[in-house]
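Good morning, everyone, and thank you for making time for this.

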Amino acid sequence: MAKIAIYTLTSELHDEQAVTASTKDFLETLGLEYDFCGANFDDYGTHSLDLLFVRTGGTEGIFHQLLPLLQSKSNQPIYLLTSGKSNSLAASMEILSYMQQNGILGEIIHGSSEYVCHRIKVLQHVCNAKRLLCGTKVGVIGAPSDWLISSNADAQAISTKLGIEIINIPMQELLDIYASQQDGTDVELMSKAPTDAIRESIPGALRIYECLKVLVEKYSLSGLTIRCFDLLTAVRNTGCIALAKLNAEGIVAGCEGDVPAVLSMMVSNALTGKSGFQCNPASVDVVKGRLMFAHCTIPLNMVDRYELDTHFESGIGVGIRGYMHGNVTIFKMSGDASRIYAEEATILSCENKPNLCRTQTIVQLDHAEQARYFLTRPIGNHHIIINGRHKEELEELLLSK
């Protein structure tokens, strides 16, 4: 991860030697890696996170004069770090108030060493994620599935807010590539096939995987979503294996042409470096805050182990039943990045019921009352499960836009 940069605002009325000693003591308590740039702003905007260390009072005018330069170098929020000594907190409050009056995003970072260090690390992760997302491309192969009547995306809003370009790719282009490709092989997958029918479907499922890799290369995609149910009739197979493998390889891949879902996966991947499990709630217990999520594919790098089965709805092709454990975050972003849901939970069990999509995960929300969201204000049906606890960072990334 790139370093943090610390720039300083200091009034000439204060003794430089005393301020320098106080600065050294304060920054040492944080235990962070950083580049100390002082009052030289030549490299502002080039680090993972820029902090303006307001060291004294009387710096409001200095900031006011400096602001055009800062805005010319970076469009990120302006973060004001202060120890509170020498009236620095008061100056920071005046500066932040001015910023807010002029529609400039920012925040004062102040408090205990533990809080300041934690807050800076969160902001550093968020700024790194924004940089990773900027300039990426997501392919939508075929249109969204017909039943996704609320799962639309605002391409302009996504480009403006996140820097992600959405590229529409006809399904026929994938099918043309499929016609020119050979079936694939995978010894491990073949060894897991429980029936002859599934074993016979694996080479074709791997062929779909190879076709998607061709499109990833052609369009320089960082992510994709495919109208996968069309494959059931077009090639009598499923995309479940292909998506599971692509995700495990770092190419974000979603189902059913659900654009908000794959964008949510892109965001969470950039922020955490982890794959996301696109799934839909199968049951919600609002009293206990307990939910079951299910889908027929899951990234292979998310699971402790997995089994192969058929695709649930069609009974053909290859689906995946994955088993995982631990703490997770349930996440979804709207198609214009204006609204999110992010809640942390613990996996209670993974089931194997015959009447549901193959990977079935029961989770317990940390805050049971948050289960009501799914029955009152859901952002579509698909949600993303990410290993680990990431609510704070996800909210910071999306709500700071």
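This is a predicted model: local features need pLDDT of at least 70, side-chain atom pairs count only at pLDDT 80 or more; totals for chains, interfaces and linings use all residues.

Let me start with histidine 47, which counts as buried because its relative accessibility is 12%, and the cut-off for buried is under 20%.

The side chain of histidine 47 makes a polar contact with the side chain of threonine 46, at 3.3 Å. If we leave aside the neighbours within four places in sequence, histidine 47 is in contact with Lys3, Ile4, Ala5, Tyr7, Asp35 and Arg131.

Let me step back to the chain as a whole. Its secondary structure comes to 13 helices and 17 strands, and its C-alpha atoms fill a box of roughly 80 × 45 × 40 Å, taken along the principal axes. Of the 401 residues in the chain, 55% are buried. When we take the contacts between residues at least 6 apart in sequence, 76% of them join residues at least 24 apart. The accessible surface comes to about 17,200 Å², and 49% of that belongs to carbon and sulfur atoms.

Now to the second residue, threonine 359, which lies in strand β16, residues 359–365. Is threonine 359 buried or exposed? It is buried, because its relative accessible area is 0%, where buried means under 20%. The side chain of threonine 359 reaches two backbone atoms, namely the oxygen of isoleucine 320 at 2.8 Å and the nitrogen of glycine 322, also at 2.8 Å. Not counting residues up to four places away in sequence, threonine 359 touches Phe277, Phe293, Ala294, His295, Ile298, Ile320, Arg321 and Gly322.

One of those, Phe293, brings us to the largest nonpolar core, which has 34 residues, and in which Ile241, Phe293, Leu308, Met324, Ile330, Val363 and Ile385 touch the most other members. Apart from this core lies another one, of 29 residues, among them Ala129, Val138, Ile166 and Val262.

Terms used
Residues are numbered from 1 along each chain as its sequence is written. Side-chain values use heavy atoms; hydrogens and water are left out. Helices (H or I, at least four residues) and strands (E, at least two) are DSSP runs, numbered from the N terminus. Buried means under 20% relative accessible area, exposed over 50%, partly exposed in between (1.4 Å probe, protein chains only). Contact means heavy atoms within 4.5 Å. Accessible areas come from the Shrake-Rupley method with a 1.4 Å probe; for residues, only the protein chains shown count as cover. A polar contact is a pair of N or O atoms within 3.5 Å; within protein, one must be able to donate a hydrogen and the other to accept it, and residues adjacent in sequence count only if both atoms are side-chain atoms. A nonpolar core is a set of buried Ala, Val, Leu, Ile, Met, Phe, Trp, Tyr and Cys residues joined through side-chain atoms within 4.5 Å.
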